[in-house]
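Please keep the sequence and the structure in view while reading.

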Amino acid sequence: MRAEQENAPVARDEEKVSGASPALTRLFPRTLLWQIFLLIALLLILALTAWSQIFRHLQEPARARDLAQMVTSVVNLTRTALINAEVARRTDLLIDLVALEGIRIYPAEADDVLEPLADTRPMRLLTQEIRSQLGNHTRLASRWKTLDGFWVSFRLHPDDPDEFWVMLPTDRIAPPGGLDQILIWTAGALSVALLGAFLIVSWISKPLRDLARAARMVGHGKKPPRLHENGPQEIAAVARAFNQMAGDLARTDADRALLLAGVSHDLRTPLARLRLGVEMSGAEQQDVLAMVTDIEEMDRIIGQFLDYGRGTPNEPMTHVDLGGFVGELVEAFRVRGARIRFDQPDEILEAQVHALPLRRALANLIDNAMRYAGKRMPIDVMLSRDGPFACIRVADRGPGIPEKEVDRLRHPFTRLDPARSGTKGAGLGLAIVDRILAAHRGSLELSPRDGGGLSAVIRIPLGKDTPSRARIKRSSDSTGG
């Protein structure tokens with residue numbers, strides 16, 4: 001859910017830049033793999049279509065000459081056989097031609113019903129070649145009376161007015177193999193070419209997918225695995241530059257953490273001595289209390305810098321009972337005098353968490369609630385279940401946060417002075433909580449509370465095998481102090 005929310009603004013920005021409507025975005029693929037694959041497929045189809053048309057254009061005249069030579073030979077042989085055959089044997093000759101060669105011979109009549117050949121370029125070429133060899137008086141048809149075939153007229157003698165029709169089977173005129181076989185071989189060749197194109201594009205896009213995955217890990221503050229620097233020269237150069245960048249960022253984070261740890265040690269030691277000196281100075285109690293409060297605030301700000309500088313938690317995740325986990329933290333605040341009401345469900349809610357960072361995030365929210373709402377106002381902490389998520393709600397009765405300022409306050413070093421004046425801090429509390437919850441694949445939701453105040457809700461995914469066990473309900477109205 002969180003990843004979809006983070007990617008949604010990026011997708012909208014890309015649509016604005018490209019000018020593409022949402023309908024077009026859904027219609028056409030967005031991935032490099034399918035865009036290049038479809039482009040190569042289109043180019044292959046166009047190239048194959050153009051090649052077939054060129055081949056047909058160049059092959060049709062030669063095929064027309066061959067077919068015309070075959071037809072002319074059949075007609076001439078038939079004429080010669082009829083001329084030289086005895087009159088009594090002509091009937092047997094015609095029967096043999098039909099039985100052995102499929103050639104039929106009929107006398108032409110004035111009322112013959114003919115159907116002309118198809119008006120296509122191959123047939124026009126074939127007609128021209130046949131007439132050039134047999135004479136311009138030669139007629140051709142695709143049907144004579146009710147019989148379909150390739151019909152050619154001829155005369156026994158050039159000056160003889162009587163004509164005959166000779167019919168050749170249509171399969172002798174059709175292309176060898178037939179249209180079905182041509183389509184099958186064409187589809188097979190195209191499939192092999194498309195498969196090769198898909199493998200090539202997939203081989204090129206895989207390093208880019210690995211690069212995108214590593215970039216997302218860097219964006220979430222994690223250290224990505226080193227990318228392979230092989231493959232095409234350009235992709236290898238990008239992988240090499242990314243590996244160098246990731247290494248530089250990791251060293252920068254390590255140096256920052258070391259610097260913050262050193263600063264914390266160097267500052268907190270003199271602060272401790274300063275507090276001891278103030279308490280033993282013999283000044284008035286009111287002045288001592290004010291100075292000690294300022295020293296504690298400085299120490300808290302240093303702690304916030306350290307928490308923010310730690311980045312993503314590195315400790316292993318542990319399986320915890322959230323009810324007992326939150327209850328122990330609430331009890332620790334009660335011991336310090338905080339008025340907190342804690343409510344939890346009857347069932348046991350368990351999750352895999354980074355225990356110490358999550359405790360720090362929840363403590364930040366309770367500290368903020370105590371600071372802004374005042375120590376006299378009770379704070380409500382509630383644990384509940386929302387589908388596959390556990391919700392930990394911290395609600396106070398302070399001045400609250402306007403809804404339009406919620407997103408801005410998630411950024412580090414940001415404070416809302418008009419709404420919560422008189423407060424101190426570095427503006428890192430919510431940024432720390434947001435970063436810790438991102439490591440848990442959770443979220444922080446801030447909203448106004450009914451009746452005034454702020455409601456901060458931590459949502460973290462529950463364990464997949466969370467058992468449904470009942471717990472002994474603790475008192476929800478007990479408050480500290």
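Two strands are taken to pair if DSSP finds at least two bridges between them, and a bridge partner is to be read here in that setting. Ser447 has such a partner in strand E12, namely Ser455. The model is predicted, and what follows is grouped by topic.

**The chain as a whole**
- The protein chain contains 12 helices and 12 strands, and 34% of its 481 residues count as buried.
- Among contacts with a separation of 6 or more, 67% are made by residues 24 or more positions apart.
- The accessible surface amounts to about 29,500 Å², and carbon and sulfur atoms account for 59% of that area.

**The five-stranded sheet**
- An open sheet is built from 5 strands in the order E7-E9-E10-E12-E11, and its pairing is mixed.
- Strand E7 (340-343) and strand E11 (443-448) form the edges, each pairing on one side only, and neighbouring strands are turned against each other by 20 degrees on average, with direction ignored.
- E11 pairs with strand E12 (residues 454-461) in the antiparallel sense, over 6 bridges.

**Helices across the sheet**
- Helix H9 (residues 322-335) lies across E7, strand E9 (379-386), strand E10 (389-395) and E12, and its direction makes an angle of about 170 degrees with E7.
- Helix H10 (residues 355-373) lies across E7, E9, E10, E11 and E12, running at about 30 degrees to E10.
- Arg459 is placed over the face of Phe389, at 4.8 Å from the ring centre.

**Aromatic side chains**
- The structure holds 4 aromatic pairs, and in one of them the rings of Tyr106 and Trp144 have centres 4.9 Å apart and planes at 20 degrees, so this pair is stacked, the cut-off being under 30 degrees.
- Because Tyr106 lies in strand E1 (residues 104-107) and Trp144 in strand E3 (residues 140-144), the pair ties together parts that are 38 residues apart in sequence.
- Trp144 also forms a tilted pair with Trp151, at 5.3 Å centre to centre and 40 degrees between the planes, and ring pairs thus link Tyr106, Trp144 and Trp151 into a cluster.

**The loop around Thr170**
- Thr170 is located in the loop between strand E5 (164-168) and helix H6 (178-219).
- Leaving aside residues up to four places away in sequence, Thr170 touches Gly149 and Phe150; the C-alpha atoms of Thr170 and Phe150 are separated by 5.8 Å, although the two residues are 20 residues apart along the chain.

Definitions and conventions: Residues numbered from 1 in each chain as written. Predicted model: local features only at pLDDT ≥ 70, side-chain atom pairs only at ≥ 80, totals over all residues. Heavy atoms only, no water. Helix = DSSP H or I, 4+ residues; strand = E, 2+ residues; numbered from the N terminus. Axes fitted to C-alpha atoms, helices over the stretch in contact; angles between N-to-C directions. Contact = heavy atoms within 4.5 Å. Buried < 20%, exposed > 50% of the residue type's maximum accessible area, 1.4 Å probe, protein only. Areas by Shrake-Rupley, 256 points an atom, 1.4 Å probe, with all protein chains shown as cover. Phe/Tyr/Trp six-rings, centres within 6.5 Å; stacked < 30°, edge-to-face > 60°. Lys NZ or Arg CZ within 6 Å of the ring centre and 35° of its normal.
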